[in-house]
Amino acid sequence: MTQAVSAVDADAPPGRGQGHPWLTLLAVSLGVIMVMLDGTVVAIANPVIQVELKATLADLQWVTSGYLLALAVFLITAGKLGDLFGHKRVFLIGVAGFALTSLAIGLSSSIGVLIALRVLQGLFGALLQPAALALLRSAFPGEKLNMAMGAWGAIIGLSSAGGPIIGGLLVENVSWQSVFFINVPVGVVALVFGLWALRESKAKTLSKVDWLGVVLLSGAMFALVWAIIKAPEWGWGDAKTLGFLVAAVVVGGAFLFWQSKASEPLLPLSLFRNASVSIGTVLMILMSFAMFGAMFFLTFFFQGVHGLTPLDSGLRMLPMSAGMIVASPIAGVLIGKLGPKITIAGGMVIAAIAMFLMSRLTVDAAFADTAIPFVLLAFGLSPVFVGATEIIVGNAPEELSGVAGGVQNSAMQVGGALGTAILGAVVSAKVADVLPGYLGPVAQAVKPAEMEGLKALASVGQAPPGLPAQVAKTVADAAHLSFMDGLQLGFVVSTAVGLVAAALALFVKAGRKTEGAPVHMG
């Protein structure tokens, strides 16, 4: 059926401060700052977690991937829940749950419990993020949305910039657990301020959850992301990997068929009739593939190869995060003046150049060797993040803004899972291939089981402890050189992905805003 849908429904008259655009931006940013801090400080803490909890590389990937899996599976459903029950309500539940699970993670004492809680944390993060974008969309008129997204990106950049420093200080001077405890006070402030500043909004005519759609979409997303995460362990040609990929296609096809028949679909397919929404979704996947996948290994480069402390590692990554503070508002202005096509394509070219420069890093890379590409990466990725977000959320009907926010965040998390898994497999395979050559004659004395352990350590830039001094230097040098070969190849792949995204961005059109337009429901 076809029906005109009013934009939003306010449960109550606005109170003092409620619904003000810039207060809304500040309130939702506080919640997202908590998530961004979590992402950057966990990356800094990973090497210490590995040692203290005796975690393997696969365990550490699950600390990241388990969180991404929960996000990717639940984001679109979470967006629909916000459309139905209110974005403010869902956002505040997400904030409270994220803070509480962070507290529980800090109290955990085994890697298995930590991973399980990270999955739960991902579910609450899924509630928080689409609702935040929907609240922004509701508070700002269409002509000011680019400016709001630019400011949003700058705030995220500020929190990202502080994350490595805060994480380094906490890990070095307190404990790895403290990087999770820090989310608690941030969450409390976000909750209190959000209760006062946010105005409730939800779709008037949507009345129920498409539970069959939830099951089908969750099943398809789980099968896809699970295959991506497990493929490095199983092998891309393994029957289990192929089985999950086939299941993702079959269940995904069933989901699309049902969405075309449901009266109130979870994901109205009309959303993607706007080409820019579809292209923006793909761009978000490609951007996060290159960024998350490549960045995963940089903390191991700094701490494993260079032997830097967590704090020093954070300082080395500061130029990229700090660059986003400047780049994001500029990106919002440029998109408003030049349009998304030139701005996003140019940004991806700059990001590809940055990735290429990082593919030339060597074992003895100086601060400037990483700082320059980090700054370029900030100015390259910011236009893509701001532009793709505005394209997806800004061109969706406002009553579907929660779903659109879920699509945007799902694309980012799927891309991040793809990047972490695929580039992780690329790095590990390259290390396994070149390590024996770097070991030279020493390789003949290493037993097969010991070689596998050495390859696993080399994949994170480390060498086994307790070796005789003469052998230890040879093994450490070989581990570091083989890791650098893998890291360089990973950045070459990211460069190629960035260039593909730049070409794709040339097909983006600004599209018209659709507030108040008819929405086709089935």
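Colleague: What does W152 touch, not counting residues up to four places away in sequence?

Modeller: W152 touches L25, V28, S29, V32, A132, L133, L136 and F385, where contact means heavy atoms within 4.5 Å. This is a predicted model, in which local features need pLDDT of at least 70 and side-chain atom pairs count only at pLDDT 80 or more, while totals for chains, interfaces and linings use all residues. Residues are numbered from 1 along each chain as its sequence is written, and side-chain values use heavy atoms, leaving out hydrogens and water.

Colleague: Which residues have the most contacts inside the largest nonpolar core?

Modeller: They are F91, W152 and F301, in a core of 132 residues. A nonpolar core joins buried Ala, Val, Leu, Ile, Met, Phe, Trp, Tyr and Cys residues through side-chain atoms within 4.5 Å. Apart from it lies another core of five residues, including L435 and M451.

Colleague: What makes D238 and K240 a salt bridge?

Modeller: The closest N and O atoms of D238 and K240 are 3.4 Å apart, and the rule asks for a side-chain nitrogen of Lys or Arg within 4 Å of a carboxyl oxygen of Asp or Glu, so the pair qualifies. By this rule the count comes to one salt bridge.

Colleague: Why is D238 called partly exposed?

Modeller: Its relative accessibility is 24%. Buried means under 20% relative accessible area and exposed over 50% (1.4 Å probe, protein chains only), so D238 falls in between. K240, at 44%, is partly exposed too.

Colleague: Why is the pair of F193 and W196 called tilted?

Modeller: Their ring centres are 5.7 Å apart and their planes at 50°. Rings of Phe, Tyr and Trp (its six-membered ring) pair if their centres lie within 6.5 Å; planes under 30 degrees apart count as stacked, over 60 as edge-to-face and the rest as tilted, so this pair is tilted.
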